[in-house]
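This report covers a pocket, a helix and some aromatic pairs.

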Amino acid sequence: MNLIFILATLPVALILIYIYRKDVNKEPIRKLIVAFLAGCVTVIPAMIMELILQPFSPGTPILGGLFDGFVVAGFSEELSKLALLMLVIWRSDEFSEYFDGIVYAVFVSMGFAGIENLLYVFSPDSISESISTAIVRAIISVPGHFLFAVAMGYYLSLAKFDPAHRSNHLIKALFYPVMLHGTFDAILMVSDGLSAYEGLTYMVGAIEFVVFVIFDIKLWKKGLKRIKQMQEMSRRQDYNPMNPFENFRWEF
């Protein structure tokens, strides 16, 4: 059980260390702990919404996979993260630089991912299944939550320091993570549904692998680009945080 616990929590810890080291001016540990614990709490409202929405899922593999990916999982989980992020971080004096949005969004998201990971890895009946689940999720699911959080934190910072376009940025802080999360999950869920049909298993698996790898690579490239952009903006000493940089392109 100790091995399973380590496998479930290690990827979360590594991502937290990574994003903390990327921060130009380190955030207070106490505030980061609050953000992480808030992320752990987001599992509760997310699960409630998922239970409410799940009965509306269509029965067909494609429509069901899309609904489950974008609505049941993507919308419920990302809305819960953003709501807690706004509740505990938005008005904090510690949220004072552009990169802070990404830092706090990642800590909230990793709180969610950590609890979710533990629930998944301790569900199987055998230790071997738990270990395999933990390894797969460490490679796919936890990094996915990290990258969704980068998108959320990016737009949250723009909303914080660009009040003239705050509503637009806040909408994007939810919209883009939901779209990324939904696409991420829907690729897997649709393929799982189609693979149940005889003769489609290998074809669906091959297509899923190619599509997922391409999407994941693009997701990583865009996420790392956003991290670098916010780092550069936080390093500037002569900027006015209440006004965005001129000629700076805000897009995801």
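Is Y18 buried, partly exposed or exposed? Y18 is partly exposed, its relative accessible area being 31%; buried means under 20%, exposed over 50% and partly exposed in between, with a 1.4 Å probe and protein chains only.

## Basis

The model is predicted: local features need pLDDT of at least 70, side-chain atom pairs count only at pLDDT 80 or more, and totals for chains, interfaces and linings use all residues. Residues are numbered from 1 along each chain as its sequence is written, and side-chain values use heavy atoms, with hydrogens and water left out.

## Aromatic pairs

The whole structure has 10 aromatic pairs (rings of Phe, Tyr and Trp, the last by its six-membered ring, with centres within 6.5 Å; planes under 30 degrees apart are stacked, over 60 edge-to-face and the rest tilted). Y18 and F146 form an edge-to-face pair, because their ring centres are 6.0 Å apart and their planes stand at 85 degrees. This pair joins distant parts of the chain, with Y18 in helix α1 (residues 2-22) and F146 in helix α7, 128 residues apart. Helices are DSSP runs of H or I with at least four residues, numbered from the N terminus. F146 is buried, at 2% relative accessibility.

W90 and F95 are also edge-to-face, since the centres are 6.3 Å apart and the planes are at 80 degrees. W90 is buried at 10% relative accessible area, and F95 is buried at 3%. W90, F95, Y98 and F161 are linked into a cluster by ring pairs.

## Largest pocket

The largest pocket holds about 720 Å³ of space. A pocket here is an open set of points on a 1 Å grid over the protein atoms alone, where a 1.4 Å probe fits and protein lies on both sides within 12 Å along at least five of seven lines; lining residues have an atom within 4 Å of a point. The volume is the space filled by probe spheres set on the points, which are joined across faces, edges and corners.

The lining has 28 residues, of which E116, Y120, R137, D185 and M189 are the closest to the centre. Elements giving two or more residues include α4 (61-88) and α5 (98-121), while α8 gives the most, 6 residues.

## Helix α4

The 28 residues of α4 should span 40 Å at 1.5 Å a residue, and the end C-alpha atoms, 38 Å apart, agree with this; the expected span is 1.5 Å times one less than the number of residues. At G74, α4 bends by about 35 degrees, the angle between axes fitted to the seven residues ending there and the seven starting there.
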